[in-house]
Amino acid sequence: MKWKTYEKISCYFDFVNFVDLSGWGEPLLHKRIYDMIKVAREKKCFVGFTTNGTLLNQSVSERLITFNLDLIAISMDGATADTYESIRKGAKFETLVNNIKSLNLSKQRLKSKKPKVVLVFLMMKRNISELPSLVDLASKLNVDQILVKNVAVTLKTKDDEQRLFSCNEESVAREAVENVEKAKGKARQNGITLNVASLKLRDRPVCLADPLKSVYFTWDGYVSPCDSLAHIDVPRIFCGKREKSVPLRHFGNVQEESLFEIWEKEDYQKFRQLFYKRQRLYNSFIYRALEALVHFQDDRKSFNRNLVAPSVCRSCHYLYL
Ligand code: SF4
């Protein structure tokens, strides 16, 4: 992203709480990442990003701390060198572990509690057995939190084959359930926060990207509801089946219009309306279900029939996980 584009976007930081500097690239490769953090922090935003951690050497860590980064999420898809390096081609497990240790030492030296360190583990058939060991490792590395995510964006058959969550009536793989439970036990013992994504698909009123409260900017300033709709319009694989290509949804560009104008555009409003409607339905369903548990099954059927999402979202796993 060019600095000029970031400056345009930063005009709106007075209206937001959280600035996530992640995209489809590696944030630490951006030449002005520290300036980006500085600008967002000056506007009192909570600032974070997700990194593969390979560039996180001592001098980078110290600068991130000095620039007051709030949160760093580090992708670690295995607890052993073999598994991690077979998934993250070209990356070295030992380097990553040493980089996290060095970040901790820098925090101690600079007497800073920030950034909060989160490990992100993408659970797959090939690495799920290492989730409990990852909790042990995270504890040794003084990690604050572990975020266990699903392989939800599946564009290739080989990625879908690695997914662990179950669709429709499929039962969840026992190996996944057992390892998640074991990891939860270890997390409790070690006092570490572990958040695990659902292993079963279920309708969410609003998807994880939360397009009602957040926007995604592409590197060249286009505004989208989420990264999935911002970058590529290739067919997704949804629950094992290849779907039609999903068109990109760009509602405007901050280099040409104000974000407020873009947010208020009719097509963007229509896109959000369906999520508002889902949310209202969901809230009324919960209320009615609580009020009359006895009618729960009938209500559930009519609820599912009425729960409509934007067409581009219907084959997105984030709406269900
Ligand atoms: S459901 Fe998926 S495609 Fe739709 S806004 Fe959410 S993350 Fe994006």
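A: Axes first: they are lines fitted to C-alpha atoms, for helices over the stretch in contact, and angles run from 0 to 180 degrees between N-to-C directions. Helices (H or I, at least four residues) and strands (E, at least two) are DSSP runs, numbered from the N terminus. Bear in mind that this is a predicted model: local features need pLDDT of at least 70, side-chain atom pairs count only at pLDDT 80 or more, and totals for chains, interfaces and linings use all residues. Residues are numbered from 1 along each chain as its sequence is written.

Okay, the first pair. H3 (residues 58-66) and H5 (residues 93-109) have axes that come within 9 Å and cross at roughly 45°. On the H3 side, the contact uses Gln58, Ser61, Glu62 and Ile65, and on the H5 side Ser102, Leu103, Ser106 and Lys107 (contact means C-beta atoms, placed from the backbone, within 7 Å). By class, that's two nonpolar, four polar and two charged residues, where Ala, Val, Leu, Ile, Met, Phe, Trp, Tyr, Cys and Pro count as nonpolar, Asp, Glu, Lys and Arg as charged, and the others, Gly among them, as polar.

Asparagine 68, in the loop between H3 and strand E3 (71-75), has a positive phi, near 75°, though not a glycine. In the loop between H5 and strand E4 (116-123) you'll find proline 115, joined to lysine 114 by a cis peptide bond with omega about 0°.

Now the second pair. H6 (residues 131-140) packs on H8 (residues 174-190) at about 20°, with the axes 8 Å apart. That makes H6 roughly parallel to H8. The crossing of H6 and H8 is right-handed too. From H6 come Leu131, Pro132, Val135, Asp136 and Ser139, which meet Asn179, Val180, Lys182, Ala183, Lys186, Ala187 and Asn190 of H8. This contact divides into six nonpolar, three polar and three charged residues.

For context, the protein chain has eleven helices and ten strands, and its C-alpha trace spans about 60 × 50 × 40 Å along the principal axes.

Note on methods:
Two residues are in contact if their C-beta atoms, placed from the backbone, lie within 7 Å. Angles under 35 degrees count as roughly parallel, over 145 as roughly antiparallel, 65 to 115 as roughly perpendicular and the rest as oblique. A crossing is left-handed if the near helix is turned anticlockwise from the far one by less than a right angle, and right-handed if clockwise.
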